[in-house]
Amino acid sequence: MAATTSASASEPPGLETQRREIENIVQNHELRAGDSWYLVERRWFEQWKEYVKTGDQNSSSFPGQIDNTELFEDLDSYHLKERLVENEDFVLIPAEAWRKLLAWYGLVDDQPALERKVVDLPSTVKVEVYPVEIFLCLHSNMDNVVTAQFSRVDTIQTIEKVMRRQFEVGESAETRLWMKSSDTSCERLRNVYVSVLDSCLSSGMTVIMEMRNADGTWPSSRPQIMRNSVEEQDSYRGQPGVCGLTNLGNTCFMNSALQCLSNTPQLTEYFLRNAYLEELNFTNPLGMKGEIAEAYADVIKQIWSGRHYSVVPRVFKTKVGHFASQFLGYQQHDSQELLSFLLDGLHEDLNRVKNKEYIELRDAEGRPDQEVAEEAWRNHRRRNDSVIVDTFHGLFKSTLVCPECHKVSVTFDPFCYLSVPLPVSKERVMEVFFVSLDPRAEPVQLRVVVPKAGKVIDLCIALSQATDVPANQMVVADVFNHRFYKIYHSDESLSCILDRDDIFVYELSSGAVEEDGEEVVLAVYLRERPHCRDYGSGGGYGTTLFGHPLLMAVHRDQCTRDALYQLFLQRLARYVRPPDTSEEVAEEEADDEGGEEEDEEEEELYRTQTNGISNDDVDNDGEKAGPSKRASGGAEGDAGPSDRSAPSGGQLDGQNNGQSNEPSEEDGGSDPERGGSSSEEGQSACSSSGADTITQSDVSTATAEASGTAEEQENEEQEDGKAKQGGDDSAMMGVSSGKRATGNGGGRNGQSRKKRRPLFTIQAVNSNGTTERGMGEGGTAFSFSSQPYVAIDWDPDMKKKYYDDNEAEKFEKHPSMEVPHQQTTVQLQECIELFTTVETLEEENPWYCPVCKKHQLATKKLDLWSLPEVLIIHLKRFSYTKYSREKLDTIVEFHLRDLDFSRYLLRKTGVNGEPPSRYDLMAVSNHYGGLRDGHYTSYARNKDNGQWYYFDDSKVTYAREDQIVTNAAYVLFYQRQDKIRKPTLPAPTDGCVASVKSANANANDFTSSNHDGLAASAAASCVNMETD
């Protein structure tokens, strides 16, 4: 009997019944995606149909057990043969028909059922005869490869589950998959919910599973980790969360924001327990396909692994730059701007709402605030639902009133942080040095109060009240490195003068000097000129500036050698000692006895060499001008040339309309950033011909009169954060002291040696005091077409003998300097009250009134309706207006505990009648420096042990609570008290901690050259916080 041929087959019904049931199932069953169909060898199926057609159960056409042997390549692997054709090699039957045939006839022993899925492909729905055959392996053991088949509609998560079972990977292990094609390129399989077809997996590819290391890194992309030693790479165990972040080059802003967010308990625990993996949103068009969330998670897991001194957030930096082009490269940025982008990016990457519905917003229209607020919050959560919304989002009440029809519009808007303004003073205190016209009077240092938006004339008026000198007899100048950086016009804005600038105000003998008037304002520099014989020894023949420059109003008919010499001698009387008669005679005897031969040699050298400053002869730090707020060497930090724009040349008397035969500074003249003019440039200037060139007899006279033995000096001019640039290149007549040589051939031999030797010579220079100008024939008066600069050149021996350096540096302190200069201090509550005050909209941002049907400059008032678990307060220290740009260094006093918002909250109904409104501080982002340069650091309270730490890039130190409130506080992070979890670990008992540094910091810590030095000086009290 056929029924007994297989023990697995049940007693079949009649043959006609079999035929009718199977035909009905096959003919009426449609292909539906996801259904299972089975392959049956065609010859067996045709024989079965012949068998049931005969109606004779004892027929010789009985098919026997289902046998698909002809469909397999071999009976060991049971791989399906390639290129099988439906209805020629096999037939497809639905799962219901297969189960019936299997029950009636059974299956040949050990043969697998050839089940295939119906797949919905882009163009058709069909049975997937050939599934995708993939190789599976672990990253830690690439040699152990397993082959598995998956349908194209299977998800990547299905593959992950198969691999976990196959390789015995625990459910708690965090894994990620990589897809490797035949060309050895690898690609992350980020979205585990996408199908095999959509992920472009095909037969022959390999899927690699890797597991996260204990230190938070991944084996495939282990970043550079800063260690103290190679031996400690796997042995270091520190407090989780106490970990630095390497500065990749001006990335301190990013490190500061990351450290603050890292110490936000709710967000960090969300990532540490891998809750983000289930909420990654790969389809959100507003998101970053989960890449920002994954990159941030990697940084957090490394920081909180407790196995690193410092980590390198290079992958995170790359991802941020990829999705926000403003953060590309290594320029300085704002930590609050990075924070805003990061919170928004994390929200969209983790948004639980996959398809955002359109919601039309309604105005309040007189409804109760409670009703409107609840409706607004519900609408917000219908489109935005993430851990960021849960943790950081609150609700504003915005009230707009039309000034014309008095229409009141009330809306409730969500916020992620509060940007609160700082009260801005309309005045500023300036420190200046007043230089009196009295040559015996010392400069006076004083403080004056001026309008913040005022002009230079306002400074002169304020100074006039303190000195009784008319304001129109004052000239204001910025002095830097013994020269005038800029001479200000009276109508220039005071905003161009920084607090750290050395401002000198000079009293003139008369009022404002008119262009082409009888008087000209002469800028006078002091220079030291080494003896010309030193040139041959390789020391370099040049000059160096020293002392304080002067501004003098000189009558034009006094612009002769002799007259200027006497004027300068009188002006320098306080610290220049005139020679007595015995010294004059001794010098005459020396000249008579044998000085002529030496003078002739010096004359020849001096005539052929430059008088400008050579590249290596520049001012020494110790010779920096007088009392200075800018200590040489960069006390203000690493502010580079960008700290100063190019000066205008300090012109007071109009533009230069004269013509000069000397090369312009653009053509190779003085470049102060390189230390002055080169020897070749100086030679070119001295050898040029024309009316502006010093004559040979003039040079001979000046040289002969300036003989003496010079001491070899090496001076370096430190620019100290300022790029002092060249000024006016106007044609300028050179002036030298003493009598002129006589005739065209008389030379020095034609003049009498029986005369007093001058203390110094006078040369015309440019605004840098480097490139010298020629002078006309003779010593008669000459005219100036623009701001003139002259230099008083001292022989080293003469300077040492007659110039009193100590007396020249003395200055007097005005009583205003004795009054302590108290820095402005405001309370955080004042900033919040200012935030909630009524303001009128600006013209650039009007409101469209629905009643008036036009844009109006309405009044606007913001109120706080509900506050989040973590409240971020951004202090708007950077002020930008149409007239000025500044950073406010006001100290904002803020609470470390019990910051109460109850009086600012409009919503008064909570679980117990009043919502929780008390907050404790948990992190602060600091900014040191000004508008164009600066450095970011952060304070943060560790969630596990409650200890405060100071994070300065890769360096981490303990911090005391009394160090946290400073004028550098920029972004504050507060946690609501009802959400604060008590520390799980005891606070550290050791009062001192060593700085967290790395053995390979020199190789991997690419810190910014523009701000690290600045932070070291501006935040000295913060950096040096190791305490006993």
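A charge sits over a ring if NZ of Lys or CZ of Arg is within 6 Å of the ring centre and within 35 degrees of the ring normal. The model is predicted: local features need pLDDT of at least 70, side-chain atom pairs count only at pLDDT 80 or more, and totals for chains, interfaces and linings use all residues. Residues are numbered from 1 along each chain as its sequence is written, and side-chain values use heavy atoms, with hydrogens and water left out.

**Exercise 1. Charges over rings**

Find which ring lies under Arg188, and which under Lys799.

Solution. 
- Step two: take Lys799. Its charged end sits over Phe546, 4.6 Å from the ring centre.

**Exercise 2. Two aromatic pairs**

Classify the pair Phe45 and Trp48, then the pair Phe253 and Phe327.

Solution. 
- Step one: set the rule. Rings of Phe, Tyr and Trp (its six-membered ring) pair if their centres lie within 6.5 Å; planes under 30 degrees apart count as stacked, over 60 as edge-to-face and the rest as tilted.
- Step two: search the whole structure. The search gives 32 aromatic pairs.
- Step three: apply the rule to Phe45 and Trp48. Their centres are 5.5 Å apart and their planes at 25°, so this pair is stacked.
- Helices (H or I, at least four residues) and strands (E, at least two) are DSSP runs, numbered from the N terminus.
- Step five: check burial (buried is under 20% relative accessible area, exposed over 50%, partly exposed in between; 1.4 Å probe, protein chains only). Phe45 is buried at 9%, and Trp48 is buried at 2%.
- Step six: turn to Phe253 and Phe327. With centres 6.0 Å apart and planes at 20°, the pair is stacked.
- Phe253 is in helix H5 (residues 252-262), and Phe327 is in the loop between helix H8 (314-323) and helix H9 (335-349). The pair links distant parts of the chain, 74 residues apart.
- Step eight: check burial again. Phe253 is buried at 2%, and Phe327 is buried at 2%.
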